[in-house]
Amino acid sequence: MKVEIKPEAEETLFEIAYFIDCINTDGAGGRWVDRFIQHLYSYAKPNVSYALCHDSELAALGLSCVSFNDWIAAFAIIEDTFVVRKIIRGSFLH
């Protein structure tokens with residue numbers, strides 16, 4: 001199954017990587033993003049259905065959620081693609 005990261009989510013990943021690089025060694029942000037994407041691939045399995053997010057706004061959009069450390073990836077599975085629409089800090093959800 002393919003993983004597609006929409007522009008809004010991709011921008012969030014770049015911002016997280018930049019922040020991590022600022023507080024750690026150069027390249028730490030990129031390594032974190034690599035681990036985050038690997039984590040997404042571990043959920044991108046064919047013929048699997050995921051429950052909607054617990055957050056009512058994300059659920060209303062028909063999105064499911066998966067967490068990685070303190071971050072939430074809100075996604076939908078469209079045909080054979082795991083589409084990440086939003087990446088949100090877990091503490092920002094209701």
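So, Ser64 stands opposite Phe75 in E3. This is a predicted model, by the way.

Let's zoom out to the whole sheet. What order do the strands come in? Reading across, you get E1-E4-E3-E2, an open sheet of 4 strands with mixed pairing. Out at the edges sit strand E1, 2-5, and strand E2, 64-68, and each of those pairs on one side only. From one strand to the next the twist averages 35°.

Where does the mix come from? Well, strands of a sheet pair through backbone hydrogen bonds, either parallel or antiparallel. Here E1 and E4 run parallel, joined by 4 bridges, and you can find Lys2 opposite Thr81 in E4. E3 and E4, on the other hand, run antiparallel with 8 bridges. If you want a landmark there, look for Ala76, which stands opposite Val83 in E4. E3 and E4 also make a hairpin, with 2 residues between them.

H2 lies across E1, E2, E3 and E4, and runs at about 135° to E2.

And how do the two helices sit against each other? For H1, residues 7-23, and H2, residues 28-43, the angle is about 140° and the axes are 7 Å apart. Anything over 145 would count as roughly antiparallel, so H1 and H2 come out as oblique to each other. The hand of the crossing between H1 and H2 is right-handed.

Who's actually touching? From H1 we have Leu13, Ile16, Ala17, Ile20 and Asp21, and from H2 it's Ala28, Gly29, Gly30, Trp32, Val33 and Phe36. Sort the H1–H2 contact by class and you get 8 nonpolar, 2 polar and 1 charged residues.

That's my tour: strands first, then helices.

Notes: Residues numbered from 1 in each chain as written. Predicted model: local features only at pLDDT ≥ 70, side-chain atom pairs only at ≥ 80, totals over all residues. Heavy atoms only, no water. Axes fitted to C-alpha atoms, helices over the stretch in contact; angles between N-to-C directions. Parallel < 35°, antiparallel > 145°, perpendicular 65-115°, else oblique. Left-handed = near helix turned anticlockwise from the far one by under 90°. Contact = heavy atoms within 4.5 Å. Nonpolar A, V, L, I, M, F, W, Y, C, P; charged D, E, K, R; others polar. Pairing = 2+ DSSP bridges.
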